[in-house]
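Hi everyone, thanks for making time this morning. I'd like to walk you through one structure and how its pieces pack. Have a look at it first, and then we'll go through it together.

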Amino acid sequence: MSSERDKASKDDGRGAPRRGSLVVVGTGIRTVGHLTMEAVAWIKQADKVLYVVGDPIAEAMLKELNPQGAESLTVLYAEGKPRIDTYNQMVERTLACVRSGMLTCMACYGHPGVFVYPSHESIRRARAEGYAARMLPGISAEDCLFADLGIDPGISGCQSFEATDFLLNSRACDPTSSLVLWQIGVVGDATFKPMGYDLSAMPLLVERLLSIYPATHTMYLYEAAVFHGCEPVIRPITAHQLTTEPLSAGYTLYIPPAYPRTSDLPTYYRMKALIAGAKVASGAAIG
Amino acid sequence: MAEPKGGVEGKSVGEGSAAPPDEFRRFLVALAVDPAKLGAFLKDPDEVMKAAGISDVDRIILKSGYPAAIHARLSGQKLAFTPAVAIPALVVDLVRPPEGAEGEAQPVVRTSGQWAQPAPWSVAMYPNIPLPIFPQVQPQIFPQVHPQLVIHPQIYPQIHPIFPQVHPLVYPQVSPYGG
């Protein structure tokens, strides 16, 4: 804490106390290759680097780039503790550093703005208190999924939900587009459990999926590779198998489209007419 | 804790070229933050690892494509090749008595030669690492549904600024089914 006070006591060169600020960066899914140059620069420059990363390379990298300021936030997790409590503690710790005048860098694995509540909330509250705060993009698991499964969301469209949110909040689903369900291996369990989550609610999710998709429709369990040279996990399954197959907390469920799209011909012809009419109007204006 | 020795004739394969414990981790961190080093590694991983002083064992671990082994190594677990223990097998032969002699065939016990060693890349070389639970399949395993109605995306921006200029009477004049 003494070093934090020392840093907070620095002035901005004009005698006024230096204002703290926050920058949130992502370390990517695979640290070797996904880390951006800008993220490296901020990590090096920061007075304090608060991090939530999963792989040992990322942690070693952060400690090497900023040996004085690197501090893990993963110690805030505890067995059986509601994750939202942990996230709020992360936000509090981050804001405490910003308020003390430090250039604070929050580093999260993947994209720091994708399925990361503490990063968005820290930025929102820092800005509300008058501090400069921004987020830099990183490579998310969804980016890896598109690359590894060969999916172009521009072709079939893509819906993306957190699995428990999809189950509980009556999310509308279009089976003619791709569907990505995140945290399928944690569905229904809002606590942190390092040795496996309670998946008692999985039959409800299966029931929901079977009301949308044919029972034989092939889905894919996916987990991106974390280390260089390793292959991603891609496991074809059916909805029924979700209740029997072992699931990792890091799994994502990708569901390809089950039906072709339906063209809206009336709208198509109306659109063509609009364009033709616009050409006529512009020609008349020129004439 | 002493690193277990193994390999051919009981000699550790990494012996003599063993890097300091953190060299492996430091090497991977360097790859993460230095694009030039990563580029050299992608081009010739063996040469770059050798130049960085990475031990033979660590080189095999990194090239194994086996996440659990890499994670275990990075978490401080020291891995080594399993000792090259010869596995003797007892073979029982039934030896018939010489022709003309009486009596039944007698069992004679002998030892066979040693069994084959596991291949250097075999998972069996890392007995303290759990086996992968799931078989993996190749990516790109399902076809995508192609667009049924191809409309050039550049059409859209052209509509917006001109839209108010189009007379609404244009709509009823166009049959929705192209007639």
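Let's start in chain B, with what covers the buried residues of its helix 5: the cover includes helix 1 (23–33) and helix 4 (56–63) of chain B. Before I go on, some housekeeping. This is a predicted model, in which local features need pLDDT of at least 70 and side-chain atom pairs count only at pLDDT 80 or more, while totals for chains, interfaces and linings use all residues. Residues are numbered from 1 along each chain as its sequence is written, and chains are lettered from A and ligands numbered from 1 in the order in which they are written.

Helices (H or I, at least four residues) and strands (E, at least two) are DSSP runs, numbered from the N terminus. Buried means 20 or more other C-beta atoms within 10 Å of a residue's own, exposed means 12 or fewer, and partly exposed is in between, with C-beta atoms placed from the backbone. Contact means that two such C-beta atoms lie within 7 Å.

So, which residues of helix 5 (residues 67–74) of chain B are buried? They are Ala69(B), Ile70(B) and Arg73(B). These three cover an arc of only 95° around the axis, which puts them on the same side of helix 5 of chain B; the arc is that of the directions from the helix axis to the C-beta atoms. As a reminder, an α-helix has 3.6 residues a turn, so residues three or four places apart point the same way.

Let me zoom in on Ile70(B), which sits in that helix 5 of chain B. Ile70(B) counts as buried because it has 26 C-beta neighbours inside 10 Å. What does Ile70(B) contact, leaving aside its neighbours within four places in sequence? The partners are Phe227(A), Ile61(B) and Leu62(B). From Ile70(B) to Asp58(B), 12 residues apart in sequence, the C-alpha to C-alpha distance is 8.7 Å. Just after helix 5 of chain B comes Gly76(B), with a positive phi of about 100°.

Stepping back to chain B as a whole, we have six helices and two strands, in the order α-α-α-α-α-β-β-α along the sequence. Of its 179 residues, 18% are buried.

Now over to chain A, which has 11 helices and 10 strands. Here 40% of the 287 residues count as buried. Of the contacts in chain A between residues at least 6 apart in sequence, 66% join residues at least 24 apart.

On to helix packing. Two packed helices are described by the angle between their axes and the distance between the axes. Our axes are lines fitted to C-alpha atoms, for helices over the stretch in contact, and angles run from 0 to 180 degrees between N-to-C directions. Angles under 35 degrees count as roughly parallel, over 145 as roughly antiparallel, 65 to 115 as roughly perpendicular and the rest as oblique.

The axes of helix 4 (residues 56–65) of chain A and helix 1 of chain B come within 9 Å and cross at roughly 80°. That makes these two helices, helix 4 of chain A and helix 1 of chain B, roughly perpendicular. Helix 4 of chain A brings Pro56(A), Ile57(A), Ala60(A), Met61(A), Glu64(A) and Leu65(A) to the contact, and helix 1 of chain B brings Arg25(B), Leu28(B), Val29(B), Ala32(B) and Val33(B). By type, the residues of this contact are nine nonpolar, no polar and two charged. The nonpolar class is Ala, Val, Leu, Ile, Met, Phe, Trp, Tyr, Cys and Pro, the charged class is Asp, Glu, Lys and Arg, and the others, Gly among them, count as polar.

Within chain A, helix 5 (residues 83–99) and helix 6 (residues 117–128) have axes that come within 9 Å and cross at roughly 40°. Helix 5 and helix 6 of chain A are therefore oblique to each other.

Finally, some loop residues in chain A. Ser170(A) has a positive phi of about 50° although it is not a glycine. Ser170(A) lies in the loop between helix 9 (163–168) and strand 7 (178–182) of chain A, and is exposed, with 8 other C-beta atoms within 10 Å. Gln183(A), also not a glycine, has a positive phi of about 55°.
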